[in-house]
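Please keep the sequence and the coordinates at hand while reading.

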Amino acid sequence: MNITVLAVGTKMPQWVDHAVRDYSKRFGREIQFQLKEIKPEKRGAGVNAAQAMAAEEQRIVAAIPAHSYLIVLDERGKAPTSMELADSLNKWQQQGDNLCFIIGGADGMTTNLKQRANMLMRLSSLTLPHGMVRVLLTEQLYRAQSILHNHPYHRE
C-alpha cells in the first residue's frame, strides 16, 4: 500500500521533518509512505484567501497520485479513534487502495477539493500548527499499522 501525504507549506522546523521521517521509517515493507510538500501561494499584494486557495488547489490536484482514496483533513471531518483508524486502514489495505491525505494551507481548502474527497477526517477539535498535523498524522498511521500487527506500541 502507498500512503501519500500532500501538505501545503515548506520549510518546516527541523523537529517536524525529523519526527515525520522517524515514524515513516517504522512502517516496514507493507506501506510505502511519502510526504510531498506543496508550495503555498504568497499572500498579500492583490491575492486574497480565495485566490490563494484556488492556486493551491491546482498544485494539490496535480500532485494527487492516480487511483488514490482521497482523505482531506478538515475541522468538520470525522474524528476516528486510533482503533477506528486501524480498522479503516485494514479495510483499505484489503481493498488494495492507495491513500492520499491532504493537509491544506493557512486559509484552508476550497469547497471543490473537499467535495472531491472520499472522506473528511479531523485529527483534533483544537486548531493545530501545520507542522504538528504532519507529525500527528504520521504517528497515528504508524499506530494504526502497529495495532493491526499486535505490536506493543499501542496499549488499550
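Which residues lie nearest the centre of the largest pocket? Of the 21 residues that line the largest pocket, Leu73, Asp74, Glu75, Leu128 and His130 lie nearest its centre.

## Basis of the model

This is a predicted model, in which local features need pLDDT of at least 70 and side-chain atom pairs count only at pLDDT 80 or more, while totals for chains, interfaces and linings use all residues. Residues are numbered from 1 along each chain as its sequence is written, and side-chain values use heavy atoms, with hydrogens and water left out.

## The largest pocket

The largest pocket holds about 530 Å³ of space, a volume being the space filled by probe spheres set on grid points that are joined across faces, edges and corners. A pocket is here an open set of points, on a 1 Å grid over the protein atoms alone, where a 1.4 Å probe fits, with protein on both sides within 12 Å along at least five of seven lines, and its lining residues have an atom within 4 Å of a point.

Strand 3 and helix 5 (130–148) each supply at least two residues of this lining, and strand 3 gives the most, with 3 residues. By class, the lining comprises 9 nonpolar, 7 polar and 5 charged residues, where Ala, Val, Leu, Ile, Met, Phe, Trp, Tyr, Cys and Pro count as nonpolar, Asp, Glu, Lys and Arg as charged, and the others, Gly among them, as polar.

The model contains an open sheet of 5 strands in the order 2-1-4-3-5, with parallel pairing; helices (H or I, at least four residues) and strands (E, at least two) are DSSP runs numbered from the N terminus, and two strands pair if DSSP finds at least two bridges between them. Strand 2 (32–38) and strand 5 (119–121) are the edge strands, each pairing on one side only, and the twist averages 30° from one strand to the next.

Strand 3 (residues 68–78) runs parallel to strand 4 (residues 98–103) and is joined to it by 5 bridges, with isoleucine 102 of strand 4 as the bridge partner of valine 72. Helix 2 (residues 49–63) packs on the sheet, where it touches strand 1 (2–8), strand 2 and strand 4, and its direction makes about 155° with that of strand 2; such axes are lines fitted to C-alpha atoms, for helices over the stretch in contact, and angles run from 0 to 180 degrees between N-to-C directions.

## Selected residues

Glutamate 56 is found in helix 2 and is buried, with a relative accessible area of 1%. Its contacts (heavy atoms within 4.5 Å), leaving aside neighbours within four places in sequence, include Val8, Ile38, Arg43 and Gly108.

Glutamine 32, in strand 2, is partly exposed at 46% relative accessible area. Glutamine 32 and isoleucine 3 are 29 residues apart in sequence, with a C-alpha to C-alpha separation of 6.1 Å. Methionine 83, in helix 3 (residues 82–95), is partly exposed at 34% relative accessibility.

Technical notes
Buried < 20%, exposed > 50% of the residue type's maximum accessible area, 1.4 Å probe, protein only.
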